[in-house]
Amino acid sequence: MPQLNPNPWFLIMALTWLSLTLLFLTKLLLTTLTNPPSPHLNTPSTPNWTWSWT
């Protein structure tokens, strides 16, 4: 039964995943953010909630 023989298909699958992963990782790492995050030095002060049951 040839479908149980993983010799050629496992190598093809592994190489396909490796090439697609490398292709997509390089595309993702080369993209630039349109709105880069800025560091917030001030944290907004919000009052604590008072719960009636405590």
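Which residues form a nonpolar patch on the surface? Leu11, Leu15, Leu18 and Leu22 do, and together they have about 400 Å² of accessible area.

This is a predicted model. The protein chain has 54 residues, and 0% of them count as buried. Its secondary structure comes to one helix and zero strands. That helix, α1, covers residues 7–30.

**Surface**

The accessible surface of the protein chain is about 6100 Å². Carbon and sulfur atoms hold 70% of this surface.

| Item | Accessible area |
|---|---|
| Protein chain | about 6100 Å² |
| Leu11, Leu15, Leu18 and Leu22 together | about 400 Å² |

**Along helix α1**

Leucine 18, one of the patch residues, is found in helix α1. Threonine 26 also has its place in helix α1.

What does the side chain of threonine 26 reach? It reaches the backbone oxygen of leucine 22, at 3.0 Å. Leucine 22 itself belongs to the nonpolar patch.

How exposed is threonine 26? Its relative accessible area is 42%. Buried means under 20% and exposed means over 50%, so threonine 26 counts as partly exposed.

Terms used: Residues numbered from 1 in each chain as written. Predicted model: local features only at pLDDT ≥ 70, side-chain atom pairs only at ≥ 80, totals over all residues. Heavy atoms only, no water. Patch = residues over 30% accessible without salt bridge, like charges linked within 9 Å, V, L, I, M, F, W, Y side chains within 5 Å. Areas by Shrake-Rupley, 256 points an atom, 1.4 Å probe, with all protein chains shown as cover. Salt bridge = Lys/Arg side-chain N within 4 Å of Asp/Glu carboxyl O. Helix = DSSP H or I, 4+ residues; strand = E, 2+ residues; numbered from the N terminus. Buried < 20%, exposed > 50% of the residue type's maximum accessible area, 1.4 Å probe, protein only. Polar contact = N/O pair within 3.5 Å; in protein donor to acceptor, adjacent residues only side chain to side chain.
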